[in-house]
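Subject: Handover of a structure

Dear colleague,

Please find the structure below, handed over for your reading. I would be grateful if you could look through it alongside the notes that come after it.

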Amino acid sequence: MIRTLVAIAATASLALCVRTSTEAKTFRWSSQCDILTMDRHAQNEGLNNSFSEQIYEPLVTRGKKMSKIEPSLALSWQAVEPTRWRFNLRPGVKLHDGAPFTAGDVVFTIQRALAPTSNLKIYTQGIVEARKIDDLTVDIATTGPTPVLIPQLTELRIMSEAWSEKHNVTKPQNHIEKEETYAARNANGTGPYVLKTREPDIKTVLVENPN
């Protein structure tokens, strides 16, 4: 089932295709304000975050009651040292463009979220670096014991390294300077919905992820 859906301007509609037991249906939803950008790390704003949640997934997430941290792109995690956490990633996950999700995407995302133009640095506090151990294992190093690291990671949603390099968006969009980038109007995640079209202040369309 769809979780909370968000979007668009007062005159706009969000078309979201949802598969039921009998047929695919379209859900349309409108709002007096639009999402600000499709770049996951360029803005930290409620509407924007809720919308991107449909497209991008984090390593860990919160359960329905919000009080429990549950696996998402990471199946398990543990503190192997006081300043180092190890995450075992979910195998067989595909990005929306068909490429496999790997530890390289996690390392890239952490680095991107730490960049000067990132508006999500509040969720990277205490993080020094991420390091790939193998394709399905990644370590995150911190400045010291960081008991809030796991809750922070619920908001760091993973982007594709290869896709970002291909489209020259390895750094977050500078939203303050009104920079226009490919990632501002396009997306490539692993989440339940795929961005089909993006027309700012008019209409944004998502379709169900067949995978």
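The notes below set out the basis of the values and then what was found.

This is a predicted model, in which local features need pLDDT of at least 70 and side-chain atom pairs count only at pLDDT 80 or more, while totals for chains, interfaces and linings use all residues. Residues are numbered from 1 along each chain as its sequence is written, and side-chain values use heavy atoms, with hydrogens and water left out.

Helices and strands are DSSP runs numbered from the N terminus (helices H or I, at least four residues; strands E, at least two). Strand E5 (residues 74-81) and strand E6 run antiparallel and are joined by six bridges; two strands pair if DSSP finds at least two bridges between them. A hairpin through two residues connects E5 to E6, and Gln78 has Arg86 in E6 as its bridge partner.

Strand E6 (84-89) is also among the elements that cover the buried residues of helix H2, as are strand E7 (127-134) and helix H4 (161-166). In helix H2 (residues 103-113), ten of the eleven residues are buried, including Val106, Phe108 and Ile110. Here buried means under 20% relative accessible area, exposed over 50%, and partly exposed in between (1.4 Å probe, protein chains only).

Asn209 is found in the segment after strand E10 (203-208). Because its relative accessible area is 12%, Asn209 counts as buried. Its side chain reaches the backbone oxygen of Gly191 at 2.8 Å. Leaving aside neighbours within four places in sequence, Asn209 is in contact (heavy atoms within 4.5 Å) with His96, Thr190, Gly191, Pro192, Tyr193 and Val194.

Arg28 belongs to strand E2 (residues 24-29). Arg28 counts as exposed because its relative accessibility is 59%. Arg28 and Val205 are 177 residues apart in sequence, yet their C-alpha atoms are 9.3 Å apart in space.

The largest pocket holds about 300 Å³ of space. Of the 17 residues lining this pocket, Glu53, Thr61, Met66, Glu155 and Arg157 are the closest to its centre. A pocket is an open set of points on a 1 Å grid over the protein atoms alone where a 1.4 Å probe fits, with protein on both sides within 12 Å along at least five of seven lines; lining residues have an atom within 4 Å of a point. Helix H1 (46-52) and strand E3 (60-62) each give two or more residues to the lining.

Yours sincerely

Conventions:
A polar contact is a pair of N or O atoms within 3.5 Å; within protein, one must be able to donate a hydrogen and the other to accept it, and residues adjacent in sequence count only if both atoms are side-chain atoms. Grid points are joined across faces, edges and corners, and a volume is the space filled by probe spheres set on the points.
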